[in-house]
Amino acid sequence: MNIGEILLKLWNDSGFAAISSGFMDGGWQNLAMIAIACCLLYLGIVKKFEPLLLVGIAFGCLLSNLPGTGLYHQELWDSFMAGELGFGTILHDGGLLDIFYIGVKTSLYPCLIFMGVGAMTDFGPLLSNPKSLLLGAAAQLGVFAAFFAASASGFFTAMEAAAIGIIGGADGPTAIFLTSQLAPHLLGPIAVAAYSYMALIPLIQPPFMKLLTTPKQRQIKMVQTRNVSKAEKIIFPIVVTIFVALLLPDTAPLIGCLMFGNLLRESGVTDRLSDTVQNALMNIVTILLSTAVGATMVGSNFLTAQTLLIVVLGVCAFILSTCGGLLGGLIMCWATKGKVNPLIGSAGVSAVPMAARVANKEGQKANPSNFLLMHAMGPNVAGVIGSAIAAGFLLSVFGG
């Protein structure tokens with residue numbers, strides 16, 4: 001084989017040749033997705049939009065859209081969803097990102113992330129003020145409003161609409177968990193929308209806080225919450241797991257892992273395990289989860305009118321969840337004769353602890369001596385439980 005033949009073979013086997021020869025048959029989609037991946041990398045690295053996940057999602061998208069690499073095969077997963085093959089075939093014929101994606105499809109990664117979240121979360125503010133659960137429930141308004149809107153649009157099936165609605169829960173792992181079960185072909189756009197809007201909470205929420213509350217209400221100072229005993233913190237995750245898993249068995253994986261992680265934190269006898277779950281395990285799973293989710297962003301699935309509509313419905317879900325929490329806060333403020341600052345209701349979305357920090361910041365703008373962070377953490381962690389319950393409800397209804 002002479003040099004010319006070698007060079008020709010190298011060109012024919014390259015991704016450049018695949019893009020140029022099939023430009024009209026999908027090559028342009030590869031180029032478009034590579035450009036989108038680079039934009040997401042810019043947002044994650046330069047703008048710091050949820051970088052721990054968005055950088056991995058963007059790079060997974062980049063890898064899966066480079067022709068000829070064989071890292072991710074959408075056709076294998078289409079056949080798997082049609083019941084034509086099993087995980088064994090994917091392990092044998094799939095690429096690296098196909099194997100990573102098995103952890104998403106089996107819901108392993110979202111559940112392990114929830115275990116880490118549980119280990120990092122202090123439920124003390126919620127236990128000291130159980131009424132916070134009502135605010136966490138009120139902040140699920142966007143989930144169901146977006147579900148009904150997506151269903152009514154005629155562009156989505158009920159299962160797809162349920163997956164889109166969960167964006168309003170402001171909880172990335174929950175969105176991935178539900179979408180991987182009900183509408184895996186929409187996993188890429190839903191995950192990107194969920195994590196992008198979570199990063200934009202400091203921009204999305206404040207205008208609606210000011211719209212729905214008065215300056216006087218934002219100035220309300222709340223009294224110190226009671227101290228929570230060690231026994232309460234240990235009993236809480238056990239009781240919640242039993243009650244919620246019996247009520248909605250489909251949410252047992254998420255709630256079970258969340259509460260198990262929290263029990264490791266609070267028990268006082270598993271500090272090494274708690275530290276591992278919070279740090280090493282959480283970091284490893286985040287890498288695998290983000291790159292696997294990004295890999296699903298192939299052009300044929302992502303570059304559609306549905307994706308644009310998902311982006312619009314997602315931001316509407318976030319806004320309505322914020323407004324639902326604020327309305328719950330206003331009702332609680334009225335019921336307690338002005339003892340509750342309604343701003344803490346906005347923290348009912350489960351973006352821990354960002355939403356609580358935003359509520360605290362807006363409260364301090366109205367009254368510099370106002371410290372709402374610990375009060376807002378109650379609804380914030382209640383929102384984590386609420387979004388998991390909402391996902392379990394939707395899965396039990398539409399998951400067959």
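**Reading a predicted helical model**

Modeller: Let me start with a loop. Between which helices does H73 lie?

Biologist: H73 lies in the loop between α4 (51–64) and α5 (74–81). Helices are DSSP runs of H or I with at least four residues, and strands are runs of E with at least two, numbered from the N terminus. Residues are numbered from 1 along each chain as its sequence is written. This is a predicted model, where local features need pLDDT of at least 70 and side-chain atom pairs pLDDT 80 or more, while totals for chains, interfaces and linings use all residues; side-chain values use heavy atoms, without hydrogens and water.

Modeller: Is H73 buried or exposed?

Biologist: Buried means under 20% relative accessible area, exposed over 50%, and partly exposed in between (1.4 Å probe, protein chains only). H73 has 18%, so it counts as buried.

Modeller: Which residues is H73 in contact with?

Biologist: Contact means heavy atoms within 4.5 Å. Leaving out neighbours within four places in sequence, H73 is in contact with D93, G94, G95 and D98.

Modeller: Now the loop between α21 and α22. Where is the cis peptide bond?

Biologist: The cis bond joins V352 and P353, with omega about -10 degrees. P353 belongs to the loop between α21 and α22, and S346 lies in that loop too. S346 is buried at a relative accessible area of 0%. Beyond four places in sequence, S346 touches Q205, M209, T322, G325, L326, A355 and A359.

Modeller: Which residue has a positive phi although it is not a glycine?

Biologist: K337 is one, with phi of about 55 degrees. K337 also sits in the loop between α21 and α22, and at 76% relative accessibility K337 is exposed. A170 also has a positive phi of about 55 degrees without being a glycine. A170 is found in the loop between α12 (158–165) and α13 (172–182), and at 0% relative accessibility A170 is buried.

Modeller: On to helix pairs. At what angle do α14 and α21 cross?

Biologist: Axes are lines fitted to C-alpha atoms, for helices over the stretch in contact, and angles run from 0 to 180 degrees between N-to-C directions. Helix α14 (residues 187–199) and helix α21 (residues 305–335) cross at roughly 35 degrees, and their axes come within 10 Å. From α14, P189, I190, A194, Y197 and M198 meet T307, I310, V311, G314, V315 and F318 of α21. The residues of this contact divide into nine nonpolar, two polar and no charged; Ala, Val, Leu, Ile, Met, Phe, Trp, Tyr, Cys and Pro count as nonpolar, Asp, Glu, Lys and Arg as charged, and the others, Gly among them, as polar.

Modeller: How far apart are the axes of α11 and α23?

Biologist: The axes of helix α11 (residues 141–153) and α23 are 10 Å apart, and the helices pack at about 30 degrees. V143, F144 and F147 of α11 make the contact with A390, F393, L394 and F398 of α23. By class, that contact has seven nonpolar, no polar and no charged residues.

Modeller: Which residues touch the most other members of the largest nonpolar core?

Biologist: A nonpolar core is a set of buried Ala, Val, Leu, Ile, Met, Phe, Trp, Tyr and Cys residues joined through side-chain atoms within 4.5 Å. Of the 112 residues in the largest one, V104 and I167 touch the most other members. Helix α23 (residues 373–398) gives this core its largest share, 11 residues. Outside four places in sequence, I167 is in contact with I190, A193, A194, Y197, I310, G314 and F318.
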